[in-house]
Amino acid sequence: MQKRLASLKVVNRGEAFQATLQLSGKRYRRQFPTEIEALHWGRQGQLSLAAGDEPDKSAGAASRSGQFRPADLDELVEYLVEHRWRGTKGEKAALINARHIVRIIGPATPLENVTSHVVNLAISRLRDEGYPEVTINKKVSPLRVAIKYAHEQGWIDRIPTMPFFKGGEGRLRYFTAAEEQAMLKWCVQKGHNELWDYIAFSLDTGMRQGEVLTIKNRNLSDGRITVWGAQTSTDNGTKAGNTRTIPLTERALEVCQRRALDNPGFLFPHNKDEIGRMWNKMRTALGFMDDPEFVPHAMRHTFCSRLVMAKVNLAVVQRLAGHLRIETTCRYVHLDDEALVSAIATLQTPAGR
């Protein structure tokens, strides 16, 4: 029979943090100068009690910074959150990116198990989620800082290699009309109606995967979909945190109205893993498994690319895509070489002169 785990509570007491363990009427308390040290003692105490032993009672053993050692990757990152990033200009980005990479690798991963291979697997997962290389750099950066700090403190023997991708135009893979038809045809043949709706809606709106998977019927009004900026930690919102409204194509509107009938909550009640499994089945069947850029995020590139190649004003494309900076939108300009020819042609006219 599995033993019950002791309850753990950490509260602030003036300039210290008090950790309390309670199990079967017995209570154990200790105070520490930082919250992370209190949590560390508490987690170790839970394991000790579960094994039939008592938690560490030595005076000040865990509170002396020289003897503190994070038990796992999660504790290491939270230690850096408290002692390095808290109150800095880049605090918010560091917290988001650090905790994201920790979730992928695994919060309970021992520090010595964070090898180069593990980091490469995490990077592959980020690619599968549709992140471009410039964003992957930002996700890995706080992990690089944390592991380097752990090495400086003597908590690990060596620093694993972590690749850094050179900045550039990033991944701009977009789907051709023939590829779109092949994807939708496969969905029909295999009865994957959910994936058909997801693909058609994403191609016609250019919304990020996190945005598509969190929209509700209330986001739809007068043939338009409104994507709200992130308000809480449980609402993905938009990547840039802003709000935008996208007029819907007839196809996208039909998808929304039909799905609203069966889905009173989220219009697409799936998580990224479920979408990923369906997507990979289709990708394998269509022969694109060797194409690392054949990912859902490429549908957003397709949306932007088609608008640019249709000579839509870049400021309009920026608003529809929800790009915070026009430089992001300008990445797609090179796809429309004909627009460059047309621009020079205007100089040939009297008005141009």
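This note comments on a pocket, a salt bridge and a charged patch in the structure above.

1. The structure is a predicted model, in which local features need pLDDT of at least 70, side-chain atom pairs count only at pLDDT 80 or more, and totals for chains, interfaces and linings use all residues. Residues are numbered from 1 along each chain as its sequence is written, and side-chain values use heavy atoms, with hydrogens and water left out.

2. The second largest pocket has a volume of about 260 Å³. A pocket here is an open set of points on a 1 Å grid over the protein atoms alone, where a 1.4 Å probe fits, with protein on both sides within 12 Å along at least five of seven lines; lining residues have an atom within 4 Å of a point. Its lining comprises 15 residues, and D128, E129, K272, G276 and N280 lie nearest the centre. Helix α10 (272–285) and α4 (116–128) each supply at least two lining residues, with α10 giving the most, eight residues.

3. The whole structure contains 21 salt bridges (a side-chain nitrogen of Lys or Arg within 4 Å of a carboxyl oxygen of Asp or Glu). One of them joins R125 to D273, with the closest N and O atoms 3.2 Å apart. Because R125 belongs to helix α4 and D273 to helix α10, the pair ties together parts that are 148 residues apart in sequence.

4. On the surface, K9, R13, R27 and R29 form a patch of positive charge (residues with over 30% relative accessible area and no salt bridge, like charges being joined within 9 Å). Elements β1 (7–13) and β3 (26–32) each give two or more residues to the patch; R27 is in strand β3.

Note on methods: Patch = residues over 30% accessible without salt bridge, like charges linked within 9 Å, V, L, I, M, F, W, Y side chains within 5 Å. Areas by Shrake-Rupley, 256 points an atom, 1.4 Å probe, with all protein chains shown as cover. Lys, Arg positive; Asp, Glu negative; His and termini not counted. Charge placed at Lys NZ, Arg CZ, Asp CG, Glu CD. Helix = DSSP H or I, 4+ residues; strand = E, 2+ residues; numbered from the N terminus. Points joined across faces, edges and corners; volume = space filled by probe spheres on them.
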